[in-house]
Amino acid sequence: MVRPGGPLEGTVRIGGAKNSALKLMAATILAPGDYVLHNVPRISDVETMSDLLTSMGLDVRRPDGHTLRIHRGADVVPEAPYELVERMRASIVVLGPLLARFGYAKVALPGGDDFGPRPIDMHLKGLHDLGATFETKHGYLEARAENLVGARIVLEYPSVGATENALMAAVLAKGTTVIDNAAREPEIADLASFLNRMGGQVLGAGSSTIHVLGVEELTPVEHTVVPDRIEAASFLAALGIAGGEVTLEGARSDHMDMLVAKLGQMGMRISPSEDGLWAMSPRRLSAVDVVTLPYPGLATDYKPLFVAMLAVADGVGIVTENVFGGGRFRYIDELVRMGADIRTEGHHAIVRGVERLSGAPVKAPDIRAGVALVVAGLGADGETVVHDAFHVDRGYEGFVDKLRGVGADIVRERST
Ligand code: EPZ
């Protein structure tokens with residue numbers, strides 16, 4: 001339940017990135033031994049990946065707050081069951097490491113979700129270029145590779161997941177692999193730095209051409225997960241709607257250049273600070289147009305946050321989705337129920353800002369849209385009740401407490 005309140009004020013600690021932690025956990029399949037991951041967020045998607053690794057025979061423990069200890073013994077069951085893949089599509093990233101280490105993997109085929117069809121053709125193409133073969137039976141993909149051999153992989157689109165699977169397979173392949181048109185997200189660079197600590201030879205991660213010199217052996221390591229730029233963006237959106245001044249402790253502004261520039265155009269003042277990022281927002285933002293693109297473009301995960309900010313900004317903004325085909329706009333009906341003036345046309349949304357939204361019961365369709373509905377409630381008269389908040393828990397640790405910590409009027413209630 002969210003009620004409008006005064007401007008936000010104070011400091012929020014930004015946790016580790018979900019979209020890096022999940023892949024680092026999968027990468028522990030690559031070598032036997034003991035791993036320590038620091039700054040791992042306490043979110044349900046991390047629990048799901050822990051359950052998946054545990055079902056494969058790994059031992060995953062969380063001795064305290066944000067540290068994860070993973071023991072990978074000699075034997076691993078190279079299978080990702082439907083129940084777990086169905087809970088989290090990102091489970092598909094165990095495919096590359098299993099193939100690299102065991103030459104075999106059986107993974108349930110991930111279905112579509114709220115964004116529409118989510119094919120894995122580019123994942124399979126990259127692994128096929130390295131020598132893997134595939135068969136699908138009874139909803140499962142069976143992958144085999146006697147020997148993975150380095151090759152030139154050209155991705156049709158800079159897919160994050162396909163780049164990560166190719167990277168984790170190539171690191172143990174014979175010879176050199178070149179991944180062209182690779183994804184450049186900061187989480188890719190974090191995975192590459194983890195693999196290099198393990199003894200891998202990955203060059204150029206973060207650029208669109210990655211070179212991987214295959215090695216014989218890798219060894220377990222200790223690593224700290226990069227901060228979550230999407231979580232940071234969510235608190236900046238809350239600030240943009242409620243006004244005020246906050247510090248995002250641990251946030252990395254160099255991972256958010258495009259976001260900071262765009263919010264600057266809307267009237268926010270943002271600058272790096274000693275311990276992260278400082279930001280101040282006027283009472284009402286100015287509208288801008290927004291286009292989502294692969295990194296370093298504006299992330300598609302920021303988009304619901306921008307639509308929520310534009311819903312109460314001064315002027316009209318056109319939002320264009322270029323990453324997920326289906327437009328990823330289902331939450332817009334919920335915002336319209338709160339009095340927003342938004343029309344969608346294909347993968348565009350035309351958002352005409354209104355002075356104030358009005359609080360209403362709404363339903364979260366996914367992680368990022370759920371958070372966008374919560375922050376929209378900060379700019380609405382009356383009470384906004386966001387149902388299916390479990391979606392938010394998939395990607396955010398203590399979101400309600402962190403918002404309350406900077407003065408938001410928000411409470412969590414278990415729905416019966
Ligand atoms: C990652 O998903 C993130 N998830 C997503 O964040 C994020 O939105 C997305 O990257 C884009 O930045 C995780 O890291 C767990 P893609 P991923 O492969 O890897 C198409 C969140 O809320 N495509 O880069 O699945 C695909 O359909 C989540 O944290 C193919 O067509 O994204 C999409 O349109 C949501 N064939 C586009 O590429 C393929 O084989 C980008 O997908 C692979 C992808």
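Student: How far is a polar side-chain atom of Lys18 from an oxygen atom of the ligand?
Tutor: The distance is 2.9 Å. A polar contact here is a pair of N or O atoms within 3.5 Å; within protein, one must be able to donate a hydrogen and the other to accept it, and residues adjacent in sequence count only if both atoms are side-chain atoms. This is a predicted model, where local features need pLDDT of at least 70, side-chain atom pairs count only at pLDDT 80 or more, and totals for chains, interfaces and linings use all residues. Residues are numbered from 1 along each chain as its sequence is written, and side-chain values use heavy atoms, with hydrogens and water left out.

Student: And what about Val323, how far is its backbone from a ligand oxygen?
Tutor: A backbone N or O atom of Val323 is 2.6 Å from an oxygen atom of the ligand. For Asn19, an N or O atom in the side chain lies 3.0 Å from a ligand oxygen.

Student: New topic. Where is the cis peptide bond?
Tutor: It runs from Tyr295 to Pro296, with omega near 10°.

Student: What is phi of Asn39 near?
Tutor: Phi of Asn39 is near 60°, a positive value in a residue that is not glycine.

Student: Is Asn39 buried or exposed?
Tutor: Asn39 is buried, at 17% relative accessible area. Buried means under 20%, exposed over 50%, and partly exposed in between, using a 1.4 Å probe and protein chains only.

Student: And His138, buried or exposed?
Tutor: His138 counts as exposed, at 76% relative accessibility. His138 also has a positive phi, about 50°, without being a glycine.
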